[in-house]
Amino acid sequence: MAANSTISEEDLVCPQCSEIYCFPVLLKCGHNICRVCLHKFWEWKGCRECPVCGSVSVPGRPPINLALKIAADEYQVQRTSRTQDVCLVHNEKLKIFCKNDEEPICVVCQISKQHKVHECCPVEEAATQKRTEISTMLESLQKKLRILKNTRDQWEETKSYIQTQAHQTEASIKEEFLRFHQFLQKEENNRLKVLRQEEETKVQVMCKKLEDIEDQIETLASTISDIEASTATNDLTFLQDYKETKKRFKSNIRQPECIRDILINSAKHLGLLRFGIWKKMAGIVTYVPITLDPNTAQSNLRFSQELTCVQYSNKQPLPDNPERCTSRVCVLGATGFTSGKHTWTVEVGQGKDWYIGVARESIKRKSTIFLNPTEGFWVIGLCNGESFWAQTSPRTKLVMKQKPERITVELDYDKGKVVFINSADLTIIHAFKDRFTERIFPYFSPGLYEYGKISSPLTICPLTIRVDVE
């Protein structure tokens, strides 16, 4: 294309929208069209033809006419610079700012009917004031931008943690199934071993029986052959040997015995096979009435593989998800309750500081709160390894004859009761009476044990598993 000086305004007008070109593209026929205009025309027309001459365009994306785009952009800049400081109506300098319409005007506009009653001020004064306003608004946007970026970073961490968590969970699942596979493989091998032993014993018995009967068959066949040979001789010889031949009929050939219980005892091996294995599996599995939810745990807590034991440990890089408790070293149960009676027993061990009980779902998890029913907690605990307290408001000191190692928590949601019982002698340690209006979760807070280095775990005790037949 020729130099910009030879380009007139008519050369810069799109034939489709009659405006200055915006990203002009060059068609094969030689016509230039705004890219947006061309796409809209093609969508409306249903085919790829030139809006000017109707020539069908080749497949693919038409190239941008870079020289024409540069010329159009320069023309727009020049036109803007010519008109931006002059009133388009009165052709006067824009020296006044109308506060009502929030736009620059000229002195003629100020005394006109449109702006006569409006509040105005010099452009310089208005620019200073408006820059301050924009700066304040910009700070708000920048704050939102920082929040969005921080949220993005947190979500990136959460995404990575989800992948790590999934990998760890997958490994745990595979490990558990490996244990079951090993148990089943061992059980299969043991049962096959018993079957092979029975097979070997009974085959040996049958081999001995077969040897005996083969000897009898051979002896009897030889006797029959000799007798048949004797009867085939002449009369005198036959009669001379008669006595001996007759004696041979008196051989000790007994009737074959009836062998009982010699077949494989399939009923013993196959009868109730699945039930027997299932019943035996009860010895390698445990059941607890509740499990812990690591997604609610403070970052210093670690758990057993089956999420039944929690203890204080080194801090872990965990996402600060909404469910996580960060204000206290605690964790909630995985299952919440909205009705019924629920019981679980906690082994508190030798910990010097711990709290157990229940908490409502809406507790404040990110800010410091008091452990009392007003804040949504119904718990008891041990402080400094010496004194037991019920976290009432104010808290109540509990007097006990001996330090309990296992405490049973009984929740009766419908009656609003939480009872703590010493599992050793079944004495009631403390009972809360309240009214529950939302989901209630088990609450656990293991404390430090020895100078903040060793933690005594809180463990949910398993229940006894029985396999009964009715």
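A cavity is a set of grid points where a 1.4 Å probe fits but cannot get out. The close-up views below come from a predicted model.

**Figure 1. The largest cavity and the residues that line it.** By the rule applied here, the count comes to 1 cavity of 30 Å³ or more. The largest cavity holds about 40 Å³ of space. Its lining includes Cys325, Ser327, Arg328 and Cys330, together with Ile363, Lys364, Arg365 and Ile369. Phe377 and Tyr443 also belong to the lining of the largest cavity. By residue class, this lining divides into 6 nonpolar, 1 polar and 3 charged residues.

**Figure 2. The largest pocket, with the residues closest to its centre.** The volume of the largest pocket is about 670 Å³. A set of 22 residues lines the largest pocket, and those closest to its centre are Gln168, Thr169, Pro294, Phe303 and Leu307. Two or more lining residues come from each of the elements α4 (123-231) and β6 (301-303). Helix α4 gives the most to this lining, with 10 residues. The lining of the largest pocket comprises 11 nonpolar, 8 polar and 3 charged residues.

**Figure 3. The second largest pocket, with the residues closest to its centre.** For the second largest pocket, the volume is about 250 Å³. Its lining consists of 14 residues, of which Arg191, Leu192, His269, Leu270 and Leu273 are the closest to the centre. At least two lining residues are supplied by each of α4, α7 (266-270) and α8 (273-281). The largest share of the lining of the second largest pocket comes from α4, which contributes 7 residues. Sorted by class, the lining of this pocket has 8 nonpolar, 2 polar and 4 charged residues.

**Figure 4. A nonpolar surface patch that includes Met137.** Ile134, Met137, Leu138 and Leu141 form a nonpolar patch on the surface. Together, these four residues present about 410 Å² of accessible area. Met137 belongs to helix α4. Met137 counts as exposed because its relative accessibility is 53%, and the class of exposed residues begins over 50%.

**Figure 5. The cis peptide bond between Ser393 and Pro394.** Most peptide bonds are trans. The bond from Ser393 to Pro394 is cis, and its omega is near -5°. Pro394 is located in the loop between β12 (387-390) and β13 (396-398).

Figure 6. Most residues other than glycine have a negative phi. Glu102, although not a glycine, has a positive phi of about 55°. The loop that contains Glu102 lies between β3 (96-98) and β4 (103-105). With a relative accessible area of 55%, Glu102 is exposed. Leu272 is likewise not a glycine and has a positive phi of about 55°. Leu272 occupies the loop between α7 and α8. The relative accessible area of Leu272 is 68%, and Leu272 is therefore exposed.

**Figure 7. Val107 in helix α3 and its separation from Leu26.** Val107 is placed in helix α3 (residues 107-111). The relative accessibility of Val107 is 41%, so Val107 counts as partly exposed. Along the sequence, Val107 and Leu26 are 81 residues apart. In space, their C-alpha atoms are 46 Å apart.

**Figure 8. Ser160 in helix α4 and its separation from Lys116.** Ser160 lies within helix α4. Ser160 has a relative accessibility of 38% and therefore counts as partly exposed. The C-alpha to C-alpha distance between Ser160 and Lys116 is 63 Å. These two residues are 44 residues apart in sequence.

**Figure 9. Asn265 and its separation from Glu218.** Asn265 is part of the loop between α6 (242-247) and α7. Asn265 counts as partly exposed because its relative accessibility is 35%. A distance of 33 Å separates the C-alpha atoms of Asn265 and Glu218, which are 47 residues apart along the chain.

Terms used: Residues are numbered from 1 along each chain as its sequence is written. This is a predicted model: local features need pLDDT of at least 70, side-chain atom pairs count only at pLDDT 80 or more; totals for chains, interfaces and linings use all residues. Side-chain values use heavy atoms; hydrogens and water are left out. On a 1 Å grid over the protein atoms alone, a cavity is a set of points where a 1.4 Å probe fits but cannot get out, and a pocket is an open set with protein on both sides within 12 Å along at least five of seven lines; lining residues have an atom within 4 Å of a point. Grid points are joined across faces, edges and corners, and a volume is the space filled by probe spheres set on the points. Helices (H or I, at least four residues) and strands (E, at least two) are DSSP runs, numbered from the N terminus. Ala, Val, Leu, Ile, Met, Phe, Trp, Tyr, Cys and Pro count as nonpolar, Asp, Glu, Lys and Arg as charged, and the others, Gly among them, as polar. Patches are made of residues with over 30% relative accessible area and no salt bridge: like charges are joined within 9 Å, nonpolar side chains (Val, Leu, Ile, Met, Phe, Trp, Tyr) within 5 Å. Accessible areas come from the Shrake-Rupley method with a 1.4 Å probe; for residues, only the protein chains shown count as cover. A salt bridge is a side-chain nitrogen of Lys or Arg within 4 Å of a carboxyl oxygen of Asp or Glu. Buried means under 20% relative accessible area, exposed over 50%, partly exposed in between (1.4 Å probe, protein chains only).
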